Structure formats: structure tokens, C-alpha cells
Amino acid sequence: MARIAIDPVTRIEGHLRVEVQIEKGRVVDAWSSSTMFRGMEIVLRGRDPRDAWVFAQRICGVCTTVHALASVRAVEDALGIQIPDNARLMRNIIAGMQYIQDHVIHFYHLHALDWVDIVSALAADPVKTAELNQSISDWPRATPAYFKGVKDRIQKFVDSGQLGLFANAYWGHPAYALPPEANLMAVAHYLEALEWQKDVIKLHAILGGKNPHPQTYLVGGMAAPVDPNAQQSINTLRIAQLKALAAEASAFVSQVYLPDILAIAGFYKEWAGLGAGVGNYLSYGDFPAAKNSNVASYWLPRGVIFNKNIDQKPAPVSHEKVSEYVAHSWYRYADGDQNPLHPWSGETTPNYTGPQPPYEWLNTDSKYSWLKTPRYDDAPMEVGPLSRMLIGYASGQQRTQELINGVLGQLGVGPAALFSTLGRTAARAVETALVAEQLPGWIDELGANMASGQLTIHNSEKWSPATWPAEAEGWGAVEAPRGSLGHWVRIKDGKIQNYQAVVPTTWNGSPRDARDVRGPYEAALIDTPVADPDQPIEILRTVHSFDPCMACSVHLVDARGVEMTRIKVQ
Amino acid sequence: MPARPLTLEERLSARGISRRQFLKFCGAMTATLALPSIFTPRIARAMNTSERLPVIWLEFQDCAGNTESFLRAASPGVADIVLEQISLEYHETIMAPAGHRAERSLDEALERHPGQYIAIVEGSIPTAAGGIYCTINGHTALSIAERVCSNALATIAVGACAWDGGWPGADPNPTGAVGVRDAVPGLKNLINMPGCPANVVNITAVIVHYLTFKQLPATDEQGRPFFAYGQLIHNNCERRGHFDAGRFVESWGDEGHRLGWCLYKMGCKGPETNSNCPSVGWNGTSYWPIGAGHGCVGCMSERFWDKMAPVYGRLPNVEGFGVEATADTVGAVAVGAVVGGATVHAVASALRARSQPITAHDGAETLVEAASRAMDVVEQIAGPVKPGEAPATEPATTEPERAIALGVLDEREDRRNGDTQ
């Protein structure tokens, strides 16, 4: 029996600590803890609701844009604002590229080194590596000379003796299963992806002025003007630039990312039977095809799946069923910590009861995280690409089914393999391919609007606070790359009275609830094999498969004494 | 034992980056740093040393936005060159090992390179409640910052949070969040690179400057490098001509917006924000927030979350600023200048003459001061200007011009009546 703590969990955003109990080489219990807290919702109180997106976007720089979008949607919902079609499209385009870029970075730069042994790549034959790559893709860079160059570069890096980010890692660990050529191919694409991601994100600079934290969102629309004939607007030239960047993004996804995932997964099929987690999946849905209030038009459907049941259509979602526990979180509820509260009637009093630093271990029997514990219908939920793909699959979306069935067929596994660490990682790649297919269409729509003289980017009817009711409340739902994101806002006398965010990693990385039911990370880690507790790479595989983002996940709800009189369900 | 470590140029050559491309990069760096071009060879020599500079990147109360910015190094090869040139010993978001092995990397770097590494800090540092609002491996952010920064060759605080506490430190600052300068007071060689996030071209340029000259770039009294933060956005803004001419965006998506007119009336904080955004752009493009159509939010300014808010309020709404009468009146006067002849034209010229000397080395001088002096000029020529009034000797204007000028003034009336407060 051994207990280990992994802190910091690296190759994620933010500060995550995982403690696990290991027995006979397998994880028998696990605790997920966030060790950082800032308090965005308190900072927002009393400010102009039109400013909230600028602040909220800064909840996370990895998930940049998603909190801005959730925020403007929440305020628009509260004030009853419909956005113009050009704004809908620009938001979809920015979000679409965010999915693509974020998922690719996640795989190559945050997750791949759990599966790919860089040192093994030094033993690869560049000619065989090129053959391997050409057998799975027609990517033009896959030549012996190219892979020789990469191999030489790594060799020189290793010979320099300054290993930097790659020192003290897990090279040579028995859990690495790829042959040297597959490792070299993946390392080459790690480096290529680093170049690629900074290029394709220029799309955000065109539409948003910069990345991270694009700056053209507005309550009521977008601030990037559209005019085919104006140099300072989204014009004919910029539409062409957007299309070119979308094509560049799509090429890498279809010719590098997806083939790499399939190739690597083929060597790790046992991970299709590990890391299932809680088996419940939630998605708010996103990418409106029509007016933003029309959930039925969402390209990614809204729904919830219980107990891995993908044979039936997903159940509809009601945000009234969202609630949060603090039984194991460093907060206190006025009426006791055992009962959950809906975010609109939620409350927060920080109540740190953990060990005083410097400390060795958390007291996991009581409170042990800055994350709260969200529940849907009192059940833990996994959110993210796997949830969205399962909900699309179970909803009968044809293209989603085609791609998923194609991946399952290539790997020779059935749909049950989706409920796993490998399934999570594969679903992310499938989703990226789907979004990459969809992105050019939104750009075309924007171009068509522009060409037809439809130039409106903002609905200004409710821009002035003088037009607002004395009190209003709303919620904004987004499917962020990492999963379901909700912002709730209450406005009084033109100011934010209360603001709350319930965030993907809060769902996935939460501590236990009052009945000691584990959250998705904790549940997924049970039964994970750990060959060497000093090098717990297997634990990293499953944790990374969720793509944790801790900065997003710690939030502070403070609505004590605030009675919400109106609950709106989209 | 490996042979002599390879130079950067050799390493680049090994992966197909030519000497020509390398020198092009050095030239771009020379330009970013505003150095004469004769420095390009010197930068090239400095970049070609064999031992890579150890760098330790710490993340505290952060969003990883500066890490993401760093990953976006944009000119061809810049990311690779930075990765080849420095030895990034510790950076949680991208390092391969986790847990105690990651901490071993930090320990080893501190042990092997005492006083010889650059510490880069991202995120604010919470000081309330004994520091329990941010811990890594059971240690507080504060204790880690003290341990790492106090023995660094230099510390670079990247982004608003690491400078002055950023948004976690915004009112009411629930966690006692502060920047490095307040968390570890008295650090020598502290460079502050505000921004939300900081622009990677500037981060890269500071490192290159150090590698080239073995010293840090000149900074203002706040530790901000002049080359990046020495001038007001307003002075270099592509829309400045529209400001001077009184052409303002009045509503989102109107004709002026589409034509790239001045965003001052939509809340732009460019007149009070020091940054090289207009000249360096973002993500390897010429685009930047104002260019894309939204006002500057002032993210490179001190405590901007409180001082530059509300986002859509005009600068005069910010407590302590006095630019309102000036900026609007300048607009009105400038409109009048079309027909007002030599007198008003002289005012505009005087304004330009006054505002131009705001250079790197008096970077503390702001538009408020420049505007204040400009008002003196206006009043000398046109008589006393009271809020809400045009200059006493308002020149004759044509009807449309008058309408524009009056529109400016009418809206100011609305504001004073609290419409958008």
C-alpha cells in the first residue's frame, strides 16, 4: 500500500494536485485537488455588465475566448438581446478555430509525451519513419530527409547536456509501447504543431485583434466591422485570409493529427479499457446555426447521457438541475455543507481548513480542494469532447457517427471502447476533424452576408443602460473545448449584482460530494495500473485525457441572500 | 561526454534554417528593440554562443495567457530560436515531468546555476491568509517566488498580474494578490512587462537584448522597457489622423467604424496607455485590437482593471483624469479648422508639436499632461474653454461640420447628465 501525491500535475493549465492510494500496482483510491483560488466573481460585482466579458475572458488564457462568449451570452440573455447574423458567424468562427488549435496543442504539447518516448526516437530509422508516415497519410513533409533532420536535431539537443523541459521525465518507462519510428514521427509532429498553431491562430488576430484574449466581443454583437470595400473592416481580403487559415488548419488535422492518433492508439489498445470515469456525459450544445436562442439549431447538440447509455437519444438538459456541493471544498454554506445549491442561489464563504504550508499531504477525509462539486440531477457528469461526441453519436448525427465508427473500425474495437482514457483522447481528435470541416462554411456565410450588403455587426438597441430594466438575470452557455461552461449573471440598476461561472474542469476535476461520490478524474483513476510509483506516467495519461484547466475551474459564488425569481430554461 | 556544445547557428543549420534566415531574425529583433541596424551583427554573434541561458518560468495566480503568448512567437523561427537559445529548466504548462520530478528540475536548476538564471514570473501572488490561496507541492507561491527570484540574474514579470496583481488584485482583491515587485520587494534587475497578456515579441526582445549586451534594456521607473512601453498608443495609432480631424466612431458598425475612424468615443484607452502595439502588431500580423475595431482596454497600464474601467467609458470618466474637455474640444476645433483658417490650424500644429516630444525618455509624461498644456494653447488663442462649451471664438463652420461639432458637444452634455455613467 503506497500513497503518492503528484503536485504539480504539469502539462495542464493551472495548479492541480492528485493524491492516489496504490495497492498491488493499481490505484484503489484517488483525490483531485485544486490549489489555487482568485475570486473573479467578487471582482465583477458592482461593475458594468458590458465590461464583464473583458474580465471573465481572463479566467483562462488557454481557454481564451470561451469565457468572453459565455459572458456576453449571459448578459444578452438577461437583457433579451438578439445578435445580428454576422456576429453569430464571427463568434462561431473564432470559437471553431479555438477548438482546433486548442485540441491540437493539447494532444501534441500537453498529452503526447505520456505516450511518446523522445529518447526512443533517437533509435529510429528515418527511412522507415517516412514509410510509416506515408502509410497513414499523404502529408508532404513525410520524407526520409525531413525525419533525419528532426532526429539529428534531437540528438544534438540531447548531446548539449541541457535537457531543460525534458529532463527528469519518464523516458524508457516500460509503459511506453511505440516503436522508435512512431516516436520519431510523433516528435516531428510535436515540433510542427508548435509552428502550425501560431500560424493558424492569426485568424483570431484578424477577427479579434490578438490572441490570447481576442478583443472584439460586445454585448449585442461584435466590434469587428464588416464591409467588402473598406480597408479597416472584415473585407474581401480578410475573408480570403480567414479561408486560407481555415484550410491550413484543416490540412494539419486531417493529414497529421487524426492519422497520428489512430497510429498511436493502435499501440495502446489496453487503454480503451481503462479510465472510464463516472459514465454520465453532459453537453450544453453550441455553434448556433440560426438565432442564438434557438438551441435546436445548434450544430453540436445539447443533451445528457446517464450510465453510458448511447442506445437511446440523450435526455434534454435543464440548467435547474445543476447544483454544487462544498462538502469537500474549502467553502462554507450557511445552512450546512451537506446540501447542494443551484448556482443562482449559491453562496461562498472561503473556509480553508487544509494543512498549513509547507505541507506533505492533504486531509482528504474532510475538505481538500478549491473546486466545488457540481452535480446534474445529483449525478456527477463528465464534460468535454467525449461527452459531445457521444451525445452527437446518440443523437443520430450522421457525420459524427461516420467518423467515430471509422475510428472504432480502424482500431478493431466496439463502441464500449469510447468510455475510456483512449476514447477521450480519440474523441477529441474526431471532434477536431468535425470542426475543421465545418469552419470554412461559417466563413463562407460571413462572406455571403458581406457580399449581399448585410453589414450589421451589433444590435445597439439595448447598448445604453438607460434602456435596461431595473433588474434582470440570465445565463450564458458555451461548449468550450474542455466542456460545458455556464455563466450566470444578475443585473441590478445597471450593475452586476451577482456573477457566477460553473466551468468544465469544475465538473471533471471536482472533489467528492456529500455522499462521498467521486468526481470524474477520481473515478477514472480507479484501477489504473502504476508500474513504478516514482514515475506515475499511467496516472498522467488518464488525468491528461480530460485536458484539465484549473484556472477556469476555481470560482467563487456569492449570492447569499439573493433570491432569484426567474429561472429561464433554453 | 558530448563534444563542444553547438552554436545556435549550427543547431539551426541542422534543421534547415539558413544563415540568411537567422540574420533576418536578428534584424527583426534589432528593429523591435529600436536599435540602429549596425547592432544586427552583434545580436547575431550573441545568439551564437554555445551555452544556453537557463530560464525558470513560474506560474502562480495565472491564466497561462502569457504562456500561450510565448508559444505564439510569430516571426518565422522565433519560437524555435527562443527554444534553442534558452534552456527552459522549469515551466509547468509544458514540461515533461510532473510532481516531485518536476520539482527536482527546479531544485537542480537553482543548484547548478545560482545567480545565473532568468526567472520569468506569470500570475499574481496571493499574500492573504498566509498564502494558502496558491500552493504548489505544498509550498506557497510567495515562498517559491522568494526562493527563485531572490537569487536570479534577473526577474521578468510577464503580464499584468505579475506586475501589479492584475485582475485578481482588482478591487476588492479577495486574496491579497500582488505582483512580484510587492511580493519580493527590493529585487534587483526586475523587468516588468505588463499587458494582458504581454506581447511575445517584447518578451523575446528582452531576452535577446540580454544575450546581446549582457545587460537588461533601459526601463522607466516602473521597470518597463522603453522600447516596448515608452510611447503612448495614441501617438502612434493608425487612427490618430481621424482623432485630430474629429472623425469618431459613434456606434458599432456605423460608417465611421467601417472606415477605421477613431474609437475614442467608444471608450478607447489608447490616449492613456503606453505600448508598442501599434507598431509591432499581434501574432505575427499587422492586426491589433484597435485595428480590429475595438478600443484599447488599457491592459498595459497600471491597475487598469480599476483605473481604466468602465471599458466603454471615455477616459474622462476615469477618476483623476482631466482629458475630457481637451479631447472633445480638440475634435471640435479640428473640425472647425477645415474652414477656420490659420488660427485653428495653428492650434492643431501646436498640439502636434507638443505631443511629439513624448518619447521613451520621458515616458512618464502622459496625454493628460500634454493635453493640459495643449489646453493652454487653445485658451491663449481661443479664450477660456469651459466644459460643455466650444472655444469662445468658435470659427465659422459649414452646416455639416457644425452638426458634427455640436454632436460632439451634445453627447458630452448627455454624459454629464449621467447617461452612460
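In this predicted model, strands β1, β2 and β3 of chain A make an open sheet in that order, with antiparallel pairing. β1(A) and β3(A), the latter spanning residues 26-34, stand at the edges with a single partner strand each, so one side of each is left without a neighbour in the sheet. From one strand to the next, the twist averages 15°. Chain B contributes an open sheet of five strands with parallel pairing, and it is divided into two domains.

**Strand pairing in the chain A sheet**

- β1(A) is joined to β2(A) by five bridges, and the two strands run antiparallel.
- Within that pairing, A:Ala2 has A:Ile22 of β2(A) as its bridge partner.
- β2(A), residues 16-23, pairs with β3(A) over eight bridges, again in the antiparallel sense.
- β2(A) and β3(A) form a hairpin with two residues between them.
- In the turn of this hairpin, A:Lys24 has a positive phi of about 50°.

**Contact between chains A and B**

- The contact draws 86 residues from chain A and 81 residues from chain B.
- On the side of chain A that touches chain B, the elements giving two or more residues include the strand β1 (2-6) and the helices α1 (40-44) and α2 (52-57).
- The helices α7 (144-159), α8 (180-200) and α9 (202-208) of chain A also each give two or more residues to this side.
- Sorted by class, the side of chain A that touches chain B holds 38 nonpolar, 30 polar and 18 charged residues.

**The five-stranded sheet of chain B**

- The strand order is β2-β1-β3-β7-β9 in chain B, and the sheet is open.
- Its edge strands are β2 (86-91) and β9 (190-193) of chain B, each of which pairs on one side only.
- The twist averages 20° from one strand of this sheet to the next.
- β3(B), residues 118-122, and β7(B), residues 154-158, run parallel and are joined by five bridges.
- One of the positions in this pairing is B:Ala119, whose bridge partner in β7(B) is B:Thr155.
- Helix α6 of chain B, residues 99-112, packs on the sheet and touches β1 (53-59) and β2 of chain B.
- The direction of α6(B) makes about 135° with that of β2(B).

**Domains of chain B**

- Domain 1 of chain B covers residues 51-229, and domain 2 covers residues 233-416.
- Between them, 18 residues of domain 1 are in contact with 19 residues of domain 2.
- On the side of domain 1 that touches domain 2, α8 (159-164) and α11 (226-229) of chain B each supply at least two residues.
- α11(B) gives the most to that side, with three residues.
- By class, the side of domain 1 of chain B that touches domain 2 has ten nonpolar, three polar and five charged residues.

Technical notes
Residues numbered from 1 in each chain as written. Chains lettered and ligands numbered in written order. Predicted model: local features only at pLDDT ≥ 70, side-chain atom pairs only at ≥ 80, totals over all residues. Contact = placed C-beta atoms within 7 Å. Helix = DSSP H or I, 4+ residues; strand = E, 2+ residues; numbered from the N terminus. Nonpolar A, V, L, I, M, F, W, Y, C, P; charged D, E, K, R; others polar. Pairing = 2+ DSSP bridges. Axes fitted to C-alpha atoms, helices over the stretch in contact; angles between N-to-C directions. Domains from an automatic or database assignment.
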